[in-house]
Amino acid sequence: MFNTFKRNRIKRLFEKYRGDILGLKIRQSKEIVGNMNIEPLKEAIKLAEEIGVNVVVHSTNPPVEMTELVKVLRKGV
């Protein structure tokens, strides 16, 4: 997933472009995440919470049932 270096780079981008970057977007499809299932989504949400932004999920072929994917999302964010 995101190692510390990548997390810090992403955070710096949000600091530098605060107001221009609105959130994180993740493509959560089988072809992209493989056997990682929803772990990349969980990591993206965790990072978004640290930064204080929303997450957008693009999932045309989810690696799990859509109901399982939706359970991970944050209400109202």
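Arg-9 counts as partly exposed, at 47% relative accessibility. Arg-9 lies in helix H1. The model is predicted.

**Residues of helix H1**

- Arg-9 and Val-33 are 24 residues apart along the chain. The C-alpha atoms of Arg-9 and Val-33 are separated by 21 Å.
- Lys-6 also has its place in helix H1. Its relative accessibility is 44%, so Lys-6 counts as partly exposed.
- Between Lys-6 and Glu-65 there are 29 Å, taken from C-alpha to C-alpha. Along the chain, Lys-6 and Glu-65 are 59 residues apart.
- Arg-7 is another residue in helix H1. Arg-7 is buried, because its relative accessible area is 11% and the cut-off for buried is under 20%.
- Glu-15 is found in helix H1 too. Glu-15 counts as exposed, because its relative accessibility is 59% and exposed means over 50%.
- Glu-15 and Ile-51 are 36 residues apart in sequence. In space, their C-alpha atoms are 8.8 Å apart.

**How helix H1 packs against helix H3**

- Two numbers describe a pair of packed helices: the angle between the axes and the distance between the axes.
- Helix H1 covers residues 4–16, and helix H3 covers residues 39–51. The two pack at an angle of about 45°, and their axes are 11 Å apart. That angle makes H1 oblique to H3.
- The crossing of H1 and H3 is right-handed.
- Which residues of H1 meet H3? They are Arg-7, Ile-10, Lys-11 and Phe-14. On the H3 side, the residues are Glu-43, Lys-46, Leu-47, Glu-50 and Ile-51.
- By class, the contact of H1 with H3 has 4 nonpolar and 5 charged residues. It has no polar residues.
- Arg-7 and Glu-50 are both part of this contact. The side chains of Arg-7 and Glu-50 are joined by a polar contact of 2.7 Å.

- Where is Asn-37 found? Asn-37 sits in the loop between helix H2 (30–33) and H3.
- Asn-37 has a positive phi of about 55°, although it is not a glycine.
- Asn-37 is partly exposed, because its relative accessible area is 35% and partly exposed covers the range between the buried cut-off of 20% and the exposed cut-off of 50%.

- Ser-59 is in the loop between strand S2 (54–58) and helix H4 (66–72).
- Is Ser-59 buried or exposed? Ser-59 counts as buried, at 18% relative accessibility.
- The side chain of Ser-59 reaches the backbone oxygen of Gln-28 at 2.7 Å.
- Neighbours within four places in sequence are left aside here. With that done, Ser-59 is in contact with Gln-28, Ser-29, Met-66 and Leu-69.

**Met-66, in helix H4**

- Met-66 is among the contacts of Ser-59. Met-66 is found in helix H4.
- At 37% relative accessibility, Met-66 is classed as partly exposed.
- Met-66 and Gly-34 are 32 residues apart in sequence. Their C-alpha atoms are 16 Å apart in space.

Methods. Residues are numbered from 1 along each chain as its sequence is written. This is a predicted model: local features need pLDDT of at least 70, side-chain atom pairs count only at pLDDT 80 or more; totals for chains, interfaces and linings use all residues. Side-chain values use heavy atoms; hydrogens and water are left out. Axes are lines fitted to C-alpha atoms, for helices over the stretch in contact, and angles run from 0 to 180 degrees between N-to-C directions. Helices (H or I, at least four residues) and strands (E, at least two) are DSSP runs, numbered from the N terminus. Angles under 35 degrees count as roughly parallel, over 145 as roughly antiparallel, 65 to 115 as roughly perpendicular and the rest as oblique. A crossing is left-handed if the near helix is turned anticlockwise from the far one by less than a right angle, and right-handed if clockwise. Contact means heavy atoms within 4.5 Å. Ala, Val, Leu, Ile, Met, Phe, Trp, Tyr, Cys and Pro count as nonpolar, Asp, Glu, Lys and Arg as charged, and the others, Gly among them, as polar. Buried means under 20% relative accessible area, exposed over 50%, partly exposed in between (1.4 Å probe, protein chains only). A polar contact is a pair of N or O atoms within 3.5 Å; within protein, one must be able to donate a hydrogen and the other to accept it, and residues adjacent in sequence count only if both atoms are side-chain atoms.
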